Structure formats: C-alpha cells, structure tokens
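Please read it alongside the sequence and the model shown here.

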Amino acid sequence: MRTFASAAAAGSFLLAAPSSAFTTQPRQQQSSSTALSMGLKTQIVSKVVQNPITAAVAGTALVGTAAIKVVLDRPSRTYNENSVAEEYDAWTQDGILEYYWGEHIHLGYYDEEEMKNGYKKKDFIQAKYDFIDEMMTFGGIDAEADKGAKVLDVGCGFGGTSRYLADKLGPKADVTGITLSPNQVKRGTELAEERGLSNAKFMVMNALEMDFPDNSFDI
C-alpha cells in the first residue's frame with residue numbers, strides 16, 4: 001500500500017506542482033552527483049517522502065476516483081417489455097410481497113388522531129382495509145347503492161383490493177382485476193376461490209392497452 005500511495009502521490013504532484021518545483025537547484029545545495037543524475041525523478045520522490053500525509057491523501061483520492069469511475073461505467077440493467085411482469089411473477093412465486101405486506105400492496109390509511117398517537121400503534125393490515133374504504137368514499141362508491149356494480153381494479157396485484165370490494169359490494173357485483181403478472185392472476189384466483197368469491201376474477205392485461213369495450217364498467 002505504501003508503494004502504491006507513493007506512486008499515486010507522485011502522479012498527483014506531477015499534475016499539481018508549479019513549474020518552479022522542477023528547476024535545478026544551485027550546485028552548492030546538492031549533496032552529491034546522484035541528485036544531478038536522477039534529475040526530476042529524484043525531486044518528485046523527495047517531495048513525496050517529505051510529505052507522507054499528502055501522499056496518503058492523494059493516493060486515497062486516486063483509488064476513490066477509480067472506484068467511482070468503475071461504478072459509473074458499469075452498464076445499467078437492461079429492461080424489456082416483460083421486465084415488470086417477470087419481477088412480479090418472481091415475487092409472487094416466492095411469496096415475498098404476501099408475506100411482508102399481506103394481501104394489499106399499499107401503505108394503509110391513518111387519520112390525524114392515529115398519526116398523533118403514533119401510527120405504529122395501529123394494526124398494519126387494518127390500515128390497508130381502511131385505505132380501501134377511504135378510496136371508496138373518495139370515489140363515491142356506496143356499498144348499498146352499488147351492490148350490482150361492475151368494477152375494474154387496474155394494477156390489482158394478487159387481488160387483495162378486488163376481493164375486498166367483491167365481498168363488500170356483495171354477490172351481485174362483478175369485480176375484475178388486471179395485472180401484468182400471470183402468477184399474480186393465479187394467486188389472486190386461488191384466494192378468491194378459497195373465500196367463495198365467485199364475483200372476483202383476474203386476468204393478465206396491460207393497463208395501457210386494455211381491450212374492454214367502452215362502458216364495460218361502472219367503477
């Protein structure tokens with residue numbers, strides 16, 4: 001490391017030192033003929049030896065710069081039209097999202113009092129259901145008045161919100177969830193069947209390229 005630091009510092013010195021640093025010293029100040037034969041190289045090494053802290057700092061800076069350059073020059077991840085679906089497929093198959101987030105991949109709802117008392121005191125899962133209720137209110141959806149509604153859940157994940165709406169709006173309602181992930185469709189369907197929610201169904205579809213006929217849904 002010392003050898004590397006000295007070499008690095010020498011490089012820095014070459015870049016930063018003023019031209020006066022390289023002028024030949026008066027003959028009377030030279031201790032031997034060796035200094036004359038080594039010339040510029042000897043002066044640079046002498047500077048490094050006399051300033052070990054400068055040498056260490058310069059060497060560290062050079063190493064750091066080189067490391068940053070390696071990172072910045074590294075090619076970015078490549079993406080294709082199936083990248084998102086493939087990631088969600090993998091996460092769903094591994095059960096990561098379901099394990100950590102439950103059925104709903106969103107953050108939940110906390111009112112002012114709950115935030116004041118400390119949001120961590122509220123059940124994380126219940127906060128997600130409360131979030132859906134708040135979104136229903138915001139969207140003007142009434143559990144009684146919209147019992148026969150046709151609902152489209154865009155970007156449904158593995159269907160937590162879709163199943164909640166299918167249950168809350170009742171068997172006459174029809175809830176469709178769309179996602180890019182075939183594995184999410186499979187898992188969402190499994191959970192709907194386990195709970196007897198035949199009015200909740202899921203399909204693979206790009207939200208930017210939906211092929212439903214106009215006026216297919218009420219909500």
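Lys201 and Asp174 are joined by a salt bridge between their side chains, with an N to O distance of 3.1 Å. Lys201 belongs to strand 3 and Asp174 to strand 2, so this pair ties together parts that are 27 residues apart in sequence. The model is a predicted one.

**Salt bridges**

- Lys201 is partly exposed, at a relative accessible area of 38%, and Asp174 is likewise partly exposed, at 28%.
- Across the whole structure, the search finds nine salt bridges.
- One of them pairs Glu103 with Arg163, where the closest N and O atoms are 2.6 Å apart.
- That pair links distant parts of the chain, 60 residues apart: Glu103 is in the loop between helix 6 (96-101) and helix 7 (112-117), whereas Arg163 is in helix 9.
- Glu103 has a relative accessibility of 16% and therefore counts as buried, the cut-off being under 20%.
- Arg163, at 2% relative accessibility, also counts as buried.
- Glu103 forms a salt bridge with Arg195 too, again with 2.6 Å between the closest N and O atoms.
- Arg195 lies in the loop between helix 10 and strand 3, and Glu103 in the loop between helix 6 and helix 7, so that this pair links distant parts of the chain, 92 residues apart.
- Arg195 is partly exposed, with a relative accessible area of 43%.

- Helix 9 (residues 160-169) is largely enclosed by the rest of the structure, because eight of its ten residues are buried.
- The buried residues are Gly160, Thr161, Ser162, Arg163, Tyr164, Leu165, Ala166 and Leu169.
- Gly170 follows helix 9 and has a positive phi, near 95°.

**Aromatic rings**

- The count of aromatic pairs comes to four.
- In the pair of Tyr99 and Tyr100, the ring centres are 4.9 Å apart and the planes stand at 85°, so the arrangement is edge-to-face.
- Tyr99 and Tyr100 are both exposed.
- At the ring of Tyr110, the charged end of Lys122 sits over the ring, 5.4 Å from its centre.

How values were computed. Residues are numbered from 1 along each chain as its sequence is written. This is a predicted model: local features need pLDDT of at least 70, side-chain atom pairs count only at pLDDT 80 or more; totals for chains, interfaces and linings use all residues. Side-chain values use heavy atoms; hydrogens and water are left out. Buried means under 20% relative accessible area, exposed over 50%, partly exposed in between (1.4 Å probe, protein chains only). Helices (H or I, at least four residues) and strands (E, at least two) are DSSP runs, numbered from the N terminus. Rings of Phe, Tyr and Trp (its six-membered ring) pair if their centres lie within 6.5 Å; planes under 30 degrees apart count as stacked, over 60 as edge-to-face and the rest as tilted. A charge sits over a ring if NZ of Lys or CZ of Arg is within 6 Å of the ring centre and within 35 degrees of the ring normal. A salt bridge is a side-chain nitrogen of Lys or Arg within 4 Å of a carboxyl oxygen of Asp or Glu.
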